[in-house]
Amino acid sequence: MQLRGGIDLGGTKIQTAVVGEDGKVLGEARHPTPQEGGPKDVAAEMAAALREAADAAGVETDSLQGVGVGSPGDADESTGTVSNARNLPGWEGSFPLGEALSEDLGTQVRVGNDVQVATEAEFHLGAGRPYQTILGVFWGTGVGGGLILDGKPWLGRGAAGEIGHMVIKQGGARCPCGRRGCMEAYAGRIAMETKAREEMEKGTHTNLFELAEKHGKDRLSSGIWERALNHGDDVAEGLMDRAIKALAAGIASAVNLLDPEAVILGGGMGLRFGDTYGEELRKQMGKHLFIDDRPPAFHIAELGDLGGAIGASLLVARPAATAA
């Protein structure tokens, strides 16, 4: 049986897996993403995490059919170069990630967009299996999107699916991308944390940052948001309501454009809060749908935290993209 490696590169964690042809995970590992240094440091940590997963599967990395990488930023499938991955340390320009990892791991490496490959995993192996056209929405550090149209990945010119940067309020809140009014400016975890800190500095009481310190977190993780909500924290509740309304407006606008059969919600925040807020999200979406008597099916991603790594491994089997 040929085995493939998959690496899901995120702003806070690197999730790796060694996957069989049937999509079964045979070994996995998770490392924190370096917060200092630059692309070479991140690539070295990715390689170390993949070697750990290969050890768990009882194989060497050079025996793998190949390794797929799901990366944030502008991931060029034809060259393996990743550009402007701004939530990673020192990654403002371009870096030949595929080439660097291939030399380190001793096998071919294919690179794709992190959310797109996670959407493809759900399409082939998860909640998207019954459908031919799906919109993946991954709500976490930011808000990313992926598209399968008529059974095929839709990449556009390489950057399709950036649903988090659909403008839902002209001249609205500042987004981490630097622009204003993006959905991510209201719903991305980083943007939510920034707004919570602003509220605290204005004198509004919140337990969010006390809870983070108590649990040894330097960021407001999805778990910290959940604890604050369970404690009835007014700031947390207000910002969550704001996020749900923003997600609803952005997702509904994408649905009005594409008319997908289903929306799949994943990501750290999506997996944590999808069951709790899914019904409210669907209700708020209904206010913005042009055709509201047949909304798309709505599902929480089935593959969980491993979906990105599993999806990345599928890149190895995809026909190679060619440079323009």
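Strand β9 (residues 134-139) and strand β12 run parallel and are paired over five bridges, where two strands count as paired if DSSP finds at least two bridges between them, and where helices (H or I, at least four residues) and strands (E, at least two) are DSSP runs numbered from the N terminus. Within this pairing, Leu135 has Val263 of β12 as its bridge partner. The model is a predicted one, in which local features need pLDDT of at least 70 and side-chain atom pairs count only at pLDDT 80 or more, while totals for chains, interfaces and linings use all residues. Residues are numbered from 1 along each chain as its sequence is written, and side-chain values use heavy atoms, with hydrogens and water left out.

Strand β12 (residues 262-266) is mostly covered, with five of its five residues buried, that is, under 20% relative accessible area with a 1.4 Å probe and protein chains only, exposed being over 50% and partly exposed in between. In a regular strand the side chains alternate between the two faces of the sheet. In β12, Ala262, Ile264 and Gly266 point one way, whereas Val263 and Leu265 point the other way, and all are buried.

Strands β12 and β13, together with helix α9 (residues 267-286), form a right-handed β-α-β unit; right-handed means that, with the strands pointing away from the viewer, the path from the first strand over the helix to the second runs clockwise. The open sheet that holds these strands has five of them, in the order β11-β10-β9-β12-β13, with mixed pairing. Because β11 (152-153) and β13 stand at the edges with a single partner strand each, one side of each is left without a neighbour in the sheet. Helix α8 (residues 234-258) packs on this sheet, touching β9, β10 and β12, and its direction makes about 160 degrees with that of β9; such angles run from 0 to 180 degrees between N-to-C directions, the axes being lines fitted to C-alpha atoms, for helices over the stretch in contact. Helix α3 (residues 114-125) lies across β9, β10 (143-149), β11 and β12, at about 50 degrees to β10.

Helix α3 also lies across β1, β4 and β8, running at about 95 degrees to β8. These strands belong to an open sheet of five strands in the order β3-β2-β1-β4-β8, with mixed pairing, whose edge strands, β3 (25-32) and β8 (109-113), each pair on one side only. Five bridges join β1 (residues 4-9) to β4 (residues 66-71) in the parallel sense, and Gly6 stands opposite Gly68 in β4.

The largest nonpolar core has 45 residues, and those with the most contacts inside it are Trp139, Leu208, Trp225, Leu247, Ile251 and Leu281; a core of this kind is a set of buried Ala, Val, Leu, Ile, Met, Phe, Trp, Tyr and Cys residues joined through side-chain atoms within 4.5 Å. Its largest share, 13 residues, comes from α8. Leaving aside neighbours within four places in sequence, Leu247 is in contact (heavy atoms within 4.5 Å) with Trp139, Val143, Met183, Ala187 and Leu281.
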